[in-house]
Amino acid sequence: MTEEQAKLRKQARRVLHRFGKKRGNLIPILQQVQGKLGYLPREAMLEVARFLDIPEVDVYSVVTFYNQFRLQPPGRHSIRVCLGTACHMKGGYITLDAWKRRLSIDRGQTTADREFDLDTVACVGCCVMAPVTVVDNKPQGKVEPTKVDGILLSFKLEKKKQ
Amino acid sequence: MKVIRRQSTVSAFQEIKKRAESQWQKLHGDKAVIMVGTATCGRAAGALEVLRAIKGELKKYQLGYSVVEVGCIGHCYAEPIVTIIKPGFPPICYGQVNPVIAQRLIREFILGDNPCLEFVLGAEEKNDLVPSFADFPRANFEKKVILKNCGHIDPEHIEHYIANGGYLALAKALQMRPEEIIARVKRSGLRGRGGAGFPTGGKWEICRNAKGKPKYLICNGDEGDPGAFMDRAILESDPHSVVEGMLIAGYAIGASSGYIYVRAEYPLAVRQTRLALRQARKLRLLGRNILGSDFSFNIKLFQGSGAFVCGEETALIASLEGKAGTPYYRPPYPAISGLYGKPTLINNVKTLAFIRHIIGNGGESFASIGTKGSKGTAVFALAGKVVNTGLAEVPMGTTLRQVIFDVGSGIKEGKRFKAVQIGGPSGGCLPESALDLPIDFDSLTDAGAMMGSGGMIVLDEDDCMVEIARYFLEFTQRESCGKCTFCRLGTKQMLQVLDEFTKGKGRIEDLDMLHQLAEDIKAGSLCGLGKTAPNPVLSTLRFFHDEYEAHIKEGRCPALMCRDLIAYYIIPEKCERTCDACVGTCTVEAISSHPTKRYKIIDQTKCVKCGTCLTSCPPQYSAVVKLSPPSLVPKK
C-alpha cells in the first residue's frame, strides 16, 4: 500500500466510527466520506465494504447508481449547471456548452489544473431564476454565456489578488 | 398497555404555547421588525447580500431592531423580498430589493417615516396607504392553507410556528383514538399530493391494520421532477408543519419511528429540517412520551443521493435500506410490506403538511374546498415564460387559465401562450384548448397530462414542442434504473428518433414507431417512471402534430429553437453600422464588420448559436434574426 492509499483509508475510517454497522447506513456513510474527501476513491470504498461486512461490488454498485457520488477528485471550484425544465427551456444547454467551451472539459470532468469541475444537476428548484448554475454550492440565477465569462473572470481576479 | 393520560397532552402543550406566544409578542412589540426572505430562490437572487446590508445599516445607526430570516412567500419573481412591519404602518413587502435599496429603506422608513412607495410590492393587510396583496387579481383565486406560514415565520424558531397555531393539532390528536384520526382524514377526502392521488385516509387504515411490527413512516421529500419546487419551499419555510403531520400520522398508524427523505440537491431544506427536528426534540414534541402521553416517536433525516427514480416509493425504500434504488413489483404495497419487510406508510411532504389543518379544523372544512373527486387545495410551482413565477396555492377545480393568466399574470413580454407542461417527466403538454380545464387529479389524467407533484412550466411561442418532448425523454432515459428492458432500451430508441427529428433527419414513418414504442414501454415497465415516460411525447404528438411534421418534412423548427435547424443572421439594412454590441458580446468571436460597408456579418461556421447577439442587439435596431431552416441565410 502506498502512503497516499494508507492516508485515504485512514481518513475514511475516521468517518466510519460514527456509524453503526447497518447496511441501511451505507448511503449516509458514503455521503459523509465524500463530504470529507471530496470524492470516493477506491480505497475508501474498500474500507466501507469491510466496515459494513458487505461485498465490495455492492458498495461500487450503489456509488455508481446515484448521481451524487463521484469517482474523480473534484476541482477547487465546483460548477453545477442546472438542467431542469425551466432552465432547459431558457437555454441551460447553451450555458452548459459555454462552460464546456471555456473550461475545455466535458460534464463529469475536472480541469487539468484541478481548478474547476463541471457537472450537471437535475434541478435545484430555483426555476424562477432560470437558467441556473450552482457555483461552489451557491445557486446563481440567469447564467447565460456572457455571465459564464463574468464568473470565470471574477475567479481569475480573486486568484490574482492572493 | 398503559392508559394514555388523556387530559394532560393539551394542558402540557398550553405551557409550551404560552412561552412561544410571549416570545412572538416580544418580537412584534412596539419596535419595527424587518423580515428578509432567505429561502433558496431568495438566496439565488441575492437575499444574503441584502441581509448583510440591512444588518450593517442597523449597526451604523445603532438601531436595535429585530431582523428575521423568513422563508418564501411564493412571489418568487420579486425576490429578494423584504417585509417591514413598523408600528403605525401596515406590514409592507418590498420586491427586487438590492443592498442599496435596503439601505435606503432603513434610512428613510425606519429612521424617518417615508415608506418608499416606489419599491413596494404590496401590503400584507388592507389599508389606505398601499395596495395590499388582497387587492391583487390573484387573491381572488388563491387560498393559502399549507403555504400560510411560509414567509411569515422564521423556520429556525419553533416558537414562531407554535405561536401561529403549530403543534396544537398534535396535542389534540394525542387525545383522540387513532381510529378517530383516520376517520377524520378519510372524511376530509385528502388524496396523496405526490402525484398519483391515492386516498390518504385509506392508505393509513391499510397500514394501521397491517400485521407486523415495528411499523415505519416515511415522508417522501425526494422532489425529483425538474421544474417543481413546492416541497423545497415548504421544508425550507415551514418544516415543522411536516414534522407535526408526521407525528400525527405516526400516532394514527401505530408507528414508532419515521424518516424524512430529502434530496441532497436541497441543502437548505436539509438544514432547516434537521434544525426543526432538533428543536422539536428539545421541547419534547418528538422523542419519548410526547407531551406526557405514552406515544413515543422518533424521526430521522435521510438525504437522497440524486436519483429521480427514488421518488417512487419502492425505490425509495431500497435506497433507505442501503441498496441501489431499483423499484420492485407491487403488491404487496409498502403499507403491508415495505421497509425491511414491515408495514410502511409513505406520504408526500404536502400531504403531511395538510394533516394538521384537517385535525385542527375538522375533515369537513377541508372537504368543503375543491371538487367532487379532489378535495382541498393544490400547490403549484409556476415557472417558465409566465410573468409571476413562484408558488401558488389554489382550490382544486381552479382552471389552468386562472392559474396561468390571473395568478401568474400571463405570458412574459406579451408573447403568445403555446402550452403548459404539467406533471414533469410523467406529465404532458396541454395546449390552449385545454386551458379551461378545471384542475383536479382526474381531469388532468383524462386530458393526457398528470397532476404530478405540481410543477407547471409555461411555454410560449418560442418553445419547440419536439424539443421539450426530447428533453423529457433524455431525462427519463438517463434516470431509468435499468431494471425493466422496455424502459431501459425503449426510451433510448425513442430518444434516438426524437434526436433525429430535432436535427431535421427524421422520417415520417418514425412517428408510427414512436406510438408503438410508447405503448410497449407503458405496458412493459414496473414503476411509474417507465409507465409514464412516454407521456410527454404522446401529448405533444397529439396536440402539436404540425410541429413534428415541420421538423420532418421541411427541416424547419417553427419555434426557432432546435439549434441544428436554425441560423442567426444579421439583416444588413437594419444593422446600425457604428454599433459594436454583437461583436463585443459574441462568445466565440464569430461576428465581424463587413470590410467596406461596415455592417456586421456572422461567420456561420464559427457560430455556436448561443443567441447572445440577439439579446445584445439594441431593440431599436433589432437587426439580428433567427432563420429556419438555416438554408434561408443568403449566400453573399
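Mentor: Start with the cover over α6(A). The buried residues of this helix are covered by elements of chain A that include β1 (77-82), α5, β3 (116-121), β4 (133-135) and α7. Keep in mind that this is a predicted model.

Which residues lie under that cover? The buried residues of α6(A) are A:Gly92, A:Ile94, A:Thr95, A:Leu96, A:Ala98 and A:Trp99. The length of the helix fits too. α6(A) has 12 residues, and at 1.5 Å a residue these should span 16 Å. The end C-alpha atoms are 16 Å apart, so the two values agree. After the helix comes A:Ser104. The phi of A:Ser104 is positive, near 55 degrees.

Now the neighbouring chain. The contact between the chains takes 41 residues from chain A and 45 residues from chain B. On the side of chain A, α6 (92-103) is one of the elements that supply at least two residues each. The others are α2 (26-37), α4 (56-65), α5 (85-89), β5 (138-140) and α7 (145-161). Of these, α5(A) gives the most, with four residues. Sorted by class, the side of chain A that touches chain B has 22 nonpolar, 15 polar and four charged residues.

Cross over to chain B at one residue. B:Lys323 sits in the loop between α12 (313-320) and β9 (344-348) of chain B. Leaving out residues up to four places away in sequence, B:Lys323 touches A:Val62 and B:Ala318. The cut-off for buried is 20 or more.

Step back to chain B as a whole. Its secondary structure comes to 24 helices and 18 strands. Its C-alpha trace spans about 90 × 70 × 40 Å along the principal axes. For 636 residues, a compact globule would have a radius of gyration near 26 Å. Chain B has 27 Å, which agrees. Of the 636 residues, 54% count as buried. Take contacts between residues at least 6 apart in sequence: 73% of them join residues at least 24 apart.

Two packed helices are described by the angle between their axes and the distance between the axes.

First pair: helix α9 (residues 230-237) and helix α13 (residues 349-361) of chain B. Their axes come within 9 Å and cross at roughly 50 degrees. That makes α9(B) oblique to α13(B). From α9(B) come B:Met230, B:Asp231, B:Ile234 and B:Leu235, which meet B:Val349, B:Lys350 and B:Ala353 in α13(B). The residues of this contact divide into five nonpolar, no polar and two charged.

B:Trp204, B:Cys207 and B:Arg208 in α8(B) meet B:Ala249, B:Ala252 and B:Ile253 in α10(B). By class, the contact of α8(B) with α10(B) has five nonpolar, no polar and one charged residues.

Note on methods
Residues are numbered from 1 along each chain as its sequence is written. Chains are lettered from A and ligands numbered from 1 in the order in which they are written. This is a predicted model: local features need pLDDT of at least 70, side-chain atom pairs count only at pLDDT 80 or more; totals for chains, interfaces and linings use all residues. The radius of gyration is taken over C-alpha atoms; the globule rule is 2.2 Å times the number of residues to the power 0.38. A residue is buried if 20 or more other C-beta atoms lie within 10 Å of its own, exposed if 12 or fewer, and partly exposed in between; C-beta atoms are placed from the backbone. Two residues are in contact if their C-beta atoms, placed from the backbone, lie within 7 Å. Ala, Val, Leu, Ile, Met, Phe, Trp, Tyr, Cys and Pro count as nonpolar, Asp, Glu, Lys and Arg as charged, and the others, Gly among them, as polar. The expected span of a helix is 1.5 Å times one less than its number of residues. Axes are lines fitted to C-alpha atoms, for helices over the stretch in contact, and angles run from 0 to 180 degrees between N-to-C directions. Angles under 35 degrees count as roughly parallel, over 145 as roughly antiparallel, 65 to 115 as roughly perpendicular and the rest as oblique.
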